[in-house]
Amino acid sequence: MIYLRSLWMRDKSERGDDYPFGLPLIQNLEELSFPSPVTFFVGENGSGKSTILEALAIAARAITIGGRDLEDDPTLEGVRRLADTLVLSWSKRSPRGFFMRSEDFFNFASATADLAAELAEIADEFGRDQRGDWKRAQGLARAQRSALIDRYGDLHARSHGESFLHVFRKRFVPDGLYLLDEPETALSPQRQLAFLALVKALVAEEAQFIIATHSPIILAFPGATLLHFHDGVIAEIAYDDVENVRLTRDFLANPDAYLRRL
């Protein structure tokens, strides 16, 4: 399923030159299409992948996992102004899905643990009064804490990669739009393959993914559209032409040829 078909920018003459509008990528941006259920943003660090993905998440009013709300995060002030210029074309809107940056995940794990502890304290407080209303409130707090623990467990007790996959398994649902920034950061090659299996299963259940990644493994997802960010231009690219793919293949075929140059 393709929910988000494309984006384009309005008010081009009024953008100005301050960040991020002074970036060549933004000055050259006209329209960006998402013709496949899975679209990857590829390119070097600093090429603008995250900037576009964050602006897209803000314009789509996506919920976030882990970090501050997109409307409140002070680091995204410029990106919010960019998001205000974006016009999104939908086949239909989905209320499901989320936006996630890999660096925000630790915050999510900590917030989940803090909420479980807070619900336990609330239940204890209500438990000191045995009147009917207070007992019902105590039962509600305990039920909420139990549901939270059943869903996520103790994320800090798992490895980083295991926690990533666990949250994806619990939060990926059919009919959703998922915007992910470098989900491979905590994932071993085996975990990346497990992640691809999750994506494949969700695509079969009408989900759409737009993912910024450097991973040759994740980029190999069958039928995906690869959008290459390079020299201020975004264009489709074939998997075999992606620099990370070619470099990884060349390195694994002859690592000594690279290591002797260090």
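Which residue with a positive phi follows helix 2? The legends below take up that residue and its surroundings in this predicted model.

View 1. Of the 262 residues, 45% are buried. If you look at contacts between residues at least 6 apart in sequence, 71% of them join residues at least 24 apart. The protein exposes about 13,800 Å², and carbon and sulfur atoms supply 50% of that area.

**View 2. Helix 2 is largely enclosed by the rest of the structure, because nine of its eleven residues are buried.** The buried residues begin with Lys49 and continue with Thr51, Ile52, Leu53, Glu54, Ala55, Leu56, Ala57 and Ile58. Arg61 is the residue asked about above: Arg61 follows helix 2 and has a positive phi, near 55 degrees.

**View 3. A nonpolar patch lies on the surface, formed by Phe251, Leu252, Leu259 and Leu262.** Together, these four residues have about 460 Å² of accessible area. Leu262 belongs to the segment after helix 10 (255-259). Is Leu262 buried or exposed? With a relative accessible area of 84%, Leu262 is exposed.

How values were computed. Residues numbered from 1 in each chain as written. Predicted model: local features only at pLDDT ≥ 70, side-chain atom pairs only at ≥ 80, totals over all residues. Heavy atoms only, no water. Buried < 20%, exposed > 50% of the residue type's maximum accessible area, 1.4 Å probe, protein only. Helix = DSSP H or I, 4+ residues; strand = E, 2+ residues; numbered from the N terminus. Contact = heavy atoms within 4.5 Å. Areas by Shrake-Rupley, 256 points an atom, 1.4 Å probe, with all protein chains shown as cover. Patch = residues over 30% accessible without salt bridge, like charges linked within 9 Å, V, L, I, M, F, W, Y side chains within 5 Å. Salt bridge = Lys/Arg side-chain N within 4 Å of Asp/Glu carboxyl O.
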